[in-house]
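Dear colleague,

Please find the structure below, handed over for your study.

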Amino acid sequence: QVQLVESGGGLVQAGGSLRLSCAASGSIFSFNAMGWYRQTPGKERELVARIIKGGATNYADSVKGRFTISRDNAKNTVYLQMNGLKPEDTAVYYCGAYRITTTYDEYWGQGTQVTVSS
């Protein structure tokens, strides 16, 4: 069973930085894509950043130029470097991944809280 474990959340002042990590229990090569998503109470989970198998990335407009997604294949870990944090970035951040073989399988971490104070 694949497990994704996030870490790195916390409380930071506006303008500060945090780096989130998502460690997978197996090879991240097996995933078609991995990404970071966030959710606030009463709202749907939204994509923040995604990296696909070939290495291409895409970002939500609200974080372009401030956040960077990357991966370390040797450590089976995906990162989200968040700079220039704003209070509106406050959310629970989830690591997600999907894999397509004969079926479509989706995996999620437990989430990590990011709180940005003004």
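**The disulfide and its surroundings**

The torsion about the S-S bond of Cys-22 and Cys-95 is about -75 degrees, so the disulfide (a pair of cysteine sulfur atoms within 2.5 Å) is left-handed. Cys-22 lies in strand 3 (residues 18–24) and Cys-95 in strand 9 (residues 91–100), so the bond links distant parts of the chain, 73 residues apart. Helices (H or I, at least four residues) and strands (E, at least two) are DSSP runs, numbered from the N terminus. The S to S distance is 2.1 Å, and the count by this rule is 1 disulfide.

This is a predicted model: local features need pLDDT of at least 70, side-chain atom pairs count only at pLDDT 80 or more, and totals for chains, interfaces and linings use all residues. Residues are numbered from 1 along each chain as its sequence is written, and side-chain values use heavy atoms, with hydrogens and water left out.

Are the two cysteines buried or exposed? Cys-22 has a relative accessible area of 0% and is buried; Cys-95, at 0% relative accessibility, also counts as buried. Buried means under 20% relative accessible area, exposed over 50%, and partly exposed in between (1.4 Å probe, protein chains only).

Strand 9 also pairs with other strands, where pairing requires that DSSP finds at least two bridges. With strand 4 (residues 33–39) the pairing is antiparallel over 7 bridges, and Ala-33 stands opposite Tyr-98 of strand 9. With strand 10 (residues 104–108) it is antiparallel over 5 bridges, and a hairpin joins the two through 3 residues.

Yours sincerely
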